[in-house]
Amino acid sequence: MEFRTFVFYFLSAILVFAALRVVTLRNPVHAALHLVLAFFSASGIWILLQAEFLAIALILVYVGAVMVLFLFVVMLLDINLDRLREGFWSYLPLGAIVALLIVAEMGLVLGGMYWGILEGDVPQVEAGFSNVQAVGRLLFTEYVYPFELASVVLLVGIVAATALTLRDKRKSKSLSPSEQVFVKAKDRVRVLQMPAEKND
Amino acid sequence: MMVDTLHQLLPGFLIPHFDWLMQLGQDTFGGIWPGMVTLVWTVIKIMLIVAPLLLCVAYTTYAERKIIGAIQVRVGPNRVGPWGLIQPLADGLKVLLKEVVVPANADKAVFLLAPLFAFAPALVAWAVIPFNEFLVLANVNASLLFIMAVTSVSVYGIILAGWSPNSKYAFLGSMRAAAQMISYEVAMGLSLVVVLMVSNSLNLVEIVKVQSQGRFADMGLTFLSWNWLPLLPMFVVYIISIFAECNRAPFDLAEGESEIVGYHVEYSGMSFAVFQLAEYSAMLMGCTLISLLFLGGWSSPVGFLPDSILWLFIKIFAVLTLFFWVRATFPRYRYDQVMRLGWKVLIPVCMIWLAVVACWMLSPWNIWK
């Protein structure tokens, strides 16, 4: 067995275990943490496939940003586990259909490679090849319009999220630093001169 | 690789024994042997980085107390050992012997895991830090991206430390600290984008090399061609962001010992000390990154002196002193002002300077060719 193969099986075993725990664990925070572990193992496997840009981006975007927000939500919501389990049987058919679809898709991709319909071998690149540069060049030349479109969609998302938080005009106690810096001492403190009281 | 290096390093009489050992391993394990040798060699190299790093972290606390003491006209630690030099070891022993109190309703596993989540990223990032052109554990193409990815993980330590002890105060503190870290990561990333643009590479070795070229470098004044001068606004933004990322004064609201409690109120003993270790190693990491990205890394400031790893250490120590100096000088920011500075000042500055540098690079006055 090659060392590479050993690393692959090691990472895959952790990945499968973590993914299973994400589904089976009852504590949502623990489940989210196992999802983080699954992301790490997946990025390790991608590095084995020489896709270092994708692997690092997975950590940067999913672990560093998306899962943090996930954890925030999971921690701040008061999730009742019994209520979550109530709809299990009614949601089962829908879940089963989605699961079957995913299995079919994976089967197409992996089976296609197995029977030689799709090109399966990962081309080996020389040591100096920069994955990041290649991805960047493709994104900004060949796929520039889809890329710009995606960024516009994200911009719409940002605007929508901002609009949602500003939906009702609350009276918030916001401060204006530009006014604060111009405050003089005499605006806040008044020094009074009082004649001393006399003892009778 | 290991075999060649050891053949050069080992004394002559050991080499036959070494060759015999390698042959024995080859015979016993077969195909897996080269992989195992790589693994062991990598672990040795990791130890060679981590052990001095931890020593540095310990003595950073000593340096901080001595320097801040000098600034405030005090003596600083001077009782344990000559000039108080053994003080960090005494502190370490003290926290080791203290009890780790786990709150009654805490999520025990996550509670004990959280300090590691804070500490590990600060160590892992050192894997791609070059100390000079050849002295680097992993010279990967996307090393800067790797550092950004790894350091973005350290926010988990804070979130989990706030959530796991089941305490409202720790939770609120962790929300504050996490929001601060996420906000300043944006400004930090944007200022790095400008550095990447001018150096045309994500590799730290390349970024350092690019800085020691240019008109001033040809005149023998290399320190004027380092990134800090042409990218001065980004340099300032990056330093401020590093201060905020490491939760250092004046942005140390995460700890805020005098007015608000932080995410680690429920921690004690060694588990608390690991958070402190994480803070100091993140700070060392930040100083190293500032030195590499903006201060020319190991390149010497003037033409007639040779480039050396010593320059890198001098720069790191200088930036570290800046951290202490700021801590001894400035009062703590108010929380809403921290967020305002990040989102409304630093990010617009980055955006504008990004556009300015992009236009500059396309103009005939481009200095980075």
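This report covers a helix pair, a chain interface and the salt bridges of a predicted model.

## Basis

Local features need pLDDT of at least 70, side-chain atom pairs count only at pLDDT 80 or more, and totals for chains, interfaces and linings use all residues. Residues are numbered from 1 along each chain as its sequence is written, chains are lettered from A and ligands numbered from 1 in the order in which they are written, and side-chain values use heavy atoms, without hydrogens and water.

## Helix pair in chain A

Helix α2 (residues 28–48) and helix α3 (residues 52–76) of chain A have axes that come within 10 Å and cross at roughly 175°. Axes are lines fitted to C-alpha atoms, for helices over the stretch in contact, and angles run from 0 to 180 degrees between N-to-C directions. Helices are DSSP runs (H or I, at least four residues), numbered from the N terminus. α2(A) and α3(A) are therefore roughly antiparallel (angles over 145 degrees).

Residues in contact (heavy atoms within 4.5 Å) include A:Phe39, A:Phe40 and A:Trp46 of α2(A) and A:Leu58, A:Tyr62 and A:Met67 of α3(A). The contact residues divide into 21 nonpolar, 1 polar and no charged. Ala, Val, Leu, Ile, Met, Phe, Trp, Tyr, Cys and Pro count as nonpolar, Asp, Glu, Lys and Arg as charged, and the others, Gly among them, as polar.

## Interface of chains A and B

In the interface, 30 residues of chain A contact 29 residues of chain B. The buried area is about 2,400 Å², with 78% from carbon and sulfur atoms. Buried area is the accessible area (1.4 Å probe) that two parts lose on being put together, summed over both. In chain A, A:Phe3, A:Ile56 and A:Met75 lose the most area to chain B, together 23% of what that side buries. Between the two chains there are 0 salt bridges; a salt bridge is a side-chain nitrogen of Lys or Arg within 4 Å of a carboxyl oxygen of Asp or Glu.

## Salt bridges in chain B

The whole structure holds 7 salt bridges over all chains. B:Glu64 pairs with B:Arg248 (2.5 Å, N to O). The two lie 184 residues apart, B:Glu64 in helix α3 (residues 33–71) and B:Arg248 in the loop between α11 and α12. B:Arg327 also bridges to B:Glu64 (2.8 Å, N to O). B:Arg327 sits in helix α13 (residues 309–329), 263 residues from B:Glu64.

B:Glu64 is buried at 3% relative accessible area, and B:Arg327 is partly exposed at 33%. Buried means under 20%, exposed over 50%, partly exposed in between (1.4 Å probe, protein chains only). B:Glu279, in helix α12 (residues 269–293), is buried at 15%. Shared partners join B:Glu64, B:Arg248, B:Glu279 and B:Arg327 into one salt-bridge network.

Key
Angles under 35 degrees count as roughly parallel, over 145 as roughly antiparallel, 65 to 115 as roughly perpendicular and the rest as oblique.
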